[in-house]
Amino acid sequence: MTQTREVIRENIRRAVREVRETNPMAPSITNNVTINLVANVQLALGGSAAMVYVADEGEGLARQGGAMYLNMGTQMPVYAEAMPRTARVLHELGKNWVLDPVGIGLGGQRELILRELKAYKPSIVRGNASEILMLAELWELQTCPESTGARGTDTRDSVRSAAEAAAALARYTHGAVAISGEEDLVTDGALMAFSRGGSRWMTQVTGAGCSLGGAAAVYACVADPFTAALTATQAFNFAGRTAAARARGNGSFCVEFLDALCQATPEEIADNPFRLEAAGPAE
Amino acid sequence: MTQTREVIRENIRRAVREVRETNPMAPSITNNVTINLVANVQLALGGSAAMVYVADEGEGLARQGGAMYLNMGTQMPVYAEAMPRTARVLHELGKNWVLDPVGIGLGGQRELILRELKAYKPSIVRGNASEILMLAELWELQTCPESTGARGTDTRDSVRSAAEAAAALARYTHGAVAISGEEDLVTDGALMAFSRGGSRWMTQVTGAGCSLGGAAAVYACVADPFTAALTATQAFNFAGRTAAARARGNGSFCVEFLDALCQATPEEIADNPFRLEAAGPAE
Amino acid sequence: MTQTREVIRENIRRAVREVRETNPMAPSITNNVTINLVANVQLALGGSAAMVYVADEGEGLARQGGAMYLNMGTQMPVYAEAMPRTARVLHELGKNWVLDPVGIGLGGQRELILRELKAYKPSIVRGNASEILMLAELWELQTCPESTGARGTDTRDSVRSAAEAAAALARYTHGAVAISGEEDLVTDGALMAFSRGGSRWMTQVTGAGCSLGGAAAVYACVADPFTAALTATQAFNFAGRTAAARARGNGSFCVEFLDALCQATPEEIADNPFRLEAAGPAE
């Protein structure tokens, strides 16, 4: 897989460079806890951000943006219409979009929306292990008897235990799936990339996961789903490790993390350690 | 009261330690201005955060969480149903929950909700002096002719002037009340603890009060209301003083404050100066 | 114009001083992406912040506050009623208020509200060049065939190209208009002040524009619209330059920026370089 690694690395470097050169806009419908961090991460990488809640604005930004980010976070009634309508436009236009099913299992509207979104095949699904397992089950792509379910927005499952669910999701969407954990997984259903780095602080600052989704959307403006998801993951792992070396708590970690994203070179992001495995065979 | 002080200090140390060891989840329905800081403060202390707006998700998290935080901040229409329904579940389950009546007096829906919440007896009420006086009056526990009323979310009354109202509230809820001010007051209706420290910056950064409520909810997952409210207050006063020594403005203060919360030891939090008084007799 | 410059500088110094001495409250209805930064900027300058969404609370704060800030940002259904009703009270009371038409063109409700707000003549309109051109056209004060339209919340037009539209808006409202760009423009329809400074980081941190509107509202509690808008602009350009000298990315820039606002003296803000021009004749 040495050759594959080199191709992937070159794709990552190109995505990082192209975002910085072209300042693509990746709009979001995203949750209120971390909405500011999502925008600042997107800006740090060289992208442009725009956040909305209502359906016609979601549709309009789906048309204007290069790729889009839908994060299920803090459900408000307006999401029930805005999210499916926005996803439908994205799907019809063939644009990349990122789904973060955060909070799956928390409530009825959230589940209804997630069911509806299945038809619009997100190019990238990003979540923790429990969320990926639960989404694969909700979409009837895989039964996950082994999942213990999320606790609020926290995972109770390991990345490895969700790898098959991730591959199943990616094969269904013809896109990519990224799972955050101690070692992060990105898969397109055929190949699995395990990216290392980051920091324990990333679980002690709110929005590390949400803003990874926003970063993936920025890269998905200029790259294929697998490259976009992996570039975002690699950037976060590199910046997380860099920031951790300077942080004294989650306050300074967050500041240093944004700074590290601003300063990271295409080479540093591509050279963050990752390893490749073949995904299991499709069922 | 030397013996009482030592018991209180030990309870504080135990609460700090237990939160760090057990990572309890304290979900919130809280305002959009400071929602990110509330979550990051909860994570800094070792807890876990999850924020929602809609009723069935509030009820679900009431069941999942160890204790919960309801902050009246930026009222949206969805709060009218979500807050009472969530508080009712918390009350029925006998779980601790924290009410921050911020903005009491600003509008009609806010007042209606606060009236409804009376029946569900918040384990901890946290506010500034004007808010505590106004809540005691709204709940007909005390008339407060001397209150000059809040200005927006700012207090116009002194902590001392609200001490009786706080004690009356605590006796009604069989819980605790915390008032923020130059010297903070925490009372269970019998004992009054006055905690010192903090910094003038805490009034010049948005969310010091809101995030104190979130911190109290985290500690209320593992401790009784009085201990939880006092532990949060002591942690804030210690971290505020520590951060102020390093801050050059409200930007760096906020960063240093989170870092100081992350680093504070159980001993430092318990040893922050506080004094005890007996509360006045119940009317 | 030397004499005029000196008068303007003295007005700026007085506004900065008076805000620090009187802690005026400038409430907001503002977007969720940057709501925290708006509040912290207002506090950094010495003002007080209070954010609401619902109509009766907007009206109440319009009565309580010194001046108010309405930012069209993240439209939610509740804005349709809250914004016009709040603006109407402000107009009836003759209070200064600041309008940020951010996202103009994104959706139907946004446009309806902006049409309604015309009658309530905002004392200060703040936006980027594209937003100012589009608002002048929406309010039928000027046709702007040359505008290429905004991209999401980004400008595609130069400050200079929007100068006439700004002057037309200011003459209509009998207030002031501020355009953010490489060189910022503030005009009252007769005089144009071009303020320099800032930093490229101000376009790479979310909310530099929104929080400028909040700052203008704070100064509009104590000064006329032109002085208020220019004082806020000068403060931002001074603090932006100061912060840029210390920043390593958009994370540290944001922290340093708030700190610099906290520390800036009236003289530093008044002495930030600006030049004056007469506005073109009214049509």
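## Surroundings of R248(B)

Setting aside neighbours within four places in sequence, R248(B) contacts W201(B), R246(C), E256(C), D259(C) and Q263(C). In this predicted model, R248(B) lies in the loop of chain B between α9 (225-244) and α10 (250-263).

R248(B) and A44(B) are separated by 204 residues in sequence. Their C-alpha atoms are 22 Å apart in space.

## Helix α2 of chain C and its two partners

Helix α2 (residues 35-44) and helix α8 (residues 208-219), both of chain C, have axes that come within 8 Å and cross at roughly 40°. That angle makes α2(C) oblique to α8(C), and the crossing is right-handed. On the α2(C) side the contact is made by L37(C), V38(C), V41(C) and Q42(C). On the α8(C) side, A208(C), C210(C), S211(C), G214(C), A215(C), A217(C) and V218(C) take part. By class, the residues of the contact of α2(C) with α8(C) are 8 nonpolar, 3 polar and no charged.

The axis of α2(C) also comes within 8 Å of the axis of helix α10 (residues 250-263) of chain C, with a crossing angle of roughly 30°. Angles under 35 degrees count as roughly parallel, and α2(C) and α10(C) are therefore roughly parallel to each other. From α2(C), the residues L37(C), N40(C), V41(C) and A44(C) meet C254(C), F257(C), L258(C), L261(C) and C262(C) of α10(C). The contact of α2(C) with α10(C) holds 8 nonpolar residues, 1 polar residue and no charged ones.

## Helix α7 of chain A

Helix α7 of chain A (residues 163-173) is largely enclosed by the rest of the structure, because 9 of its 11 residues are buried. The buried residues of α7(A) are A163(A), A165(A), A166(A), A167(A), A168(A), L169(A), A170(A), Y172(A) and T173(A).

These buried residues pack against several elements of chain A: α6 (129-138), β5 (176-180), β6 (184-187) and β7 (191-195). Just after α7(A) comes H174(A), which takes a positive phi of about 55°.

## Surroundings of A82(A)

A82(A) is placed in helix α4 (residues 79-93) of chain A. Its relative accessibility is 0%, so A82(A) counts as buried. Leaving out neighbours within four places in sequence, A82(A) is in contact with I29(A), Y53(A), V54(A) and A55(A).

A82(A) and R248(A) are 166 residues apart along the chain, and their C-alpha atoms are separated by 40 Å.

## Cysteines and disulfides

The disulfide count over all chains is 0. A disulfide requires two cysteine sulfur atoms within 2.5 Å. For C210(A), the closest cysteine sulfur is that of C254(A), 12 Å away, which is too far for a bond. C254(A) is likewise in no disulfide, and the nearest cysteine sulfur to its own belongs to C254(B), at 9.9 Å. C210(A) has a relative accessible area of 10%, so C210(A) is buried.

How values were computed. Residues are numbered from 1 along each chain as its sequence is written. Chains are lettered from A and ligands numbered from 1 in the order in which they are written. This is a predicted model: local features need pLDDT of at least 70, side-chain atom pairs count only at pLDDT 80 or more; totals for chains, interfaces and linings use all residues. Side-chain values use heavy atoms; hydrogens and water are left out. Buried means under 20% relative accessible area, exposed over 50%, partly exposed in between (1.4 Å probe, protein chains only). Axes are lines fitted to C-alpha atoms, for helices over the stretch in contact, and angles run from 0 to 180 degrees between N-to-C directions. Helices (H or I, at least four residues) and strands (E, at least two) are DSSP runs, numbered from the N terminus. Angles under 35 degrees count as roughly parallel, over 145 as roughly antiparallel, 65 to 115 as roughly perpendicular and the rest as oblique. A crossing is left-handed if the near helix is turned anticlockwise from the far one by less than a right angle, and right-handed if clockwise. Contact means heavy atoms within 4.5 Å. Ala, Val, Leu, Ile, Met, Phe, Trp, Tyr, Cys and Pro count as nonpolar, Asp, Glu, Lys and Arg as charged, and the others, Gly among them, as polar.
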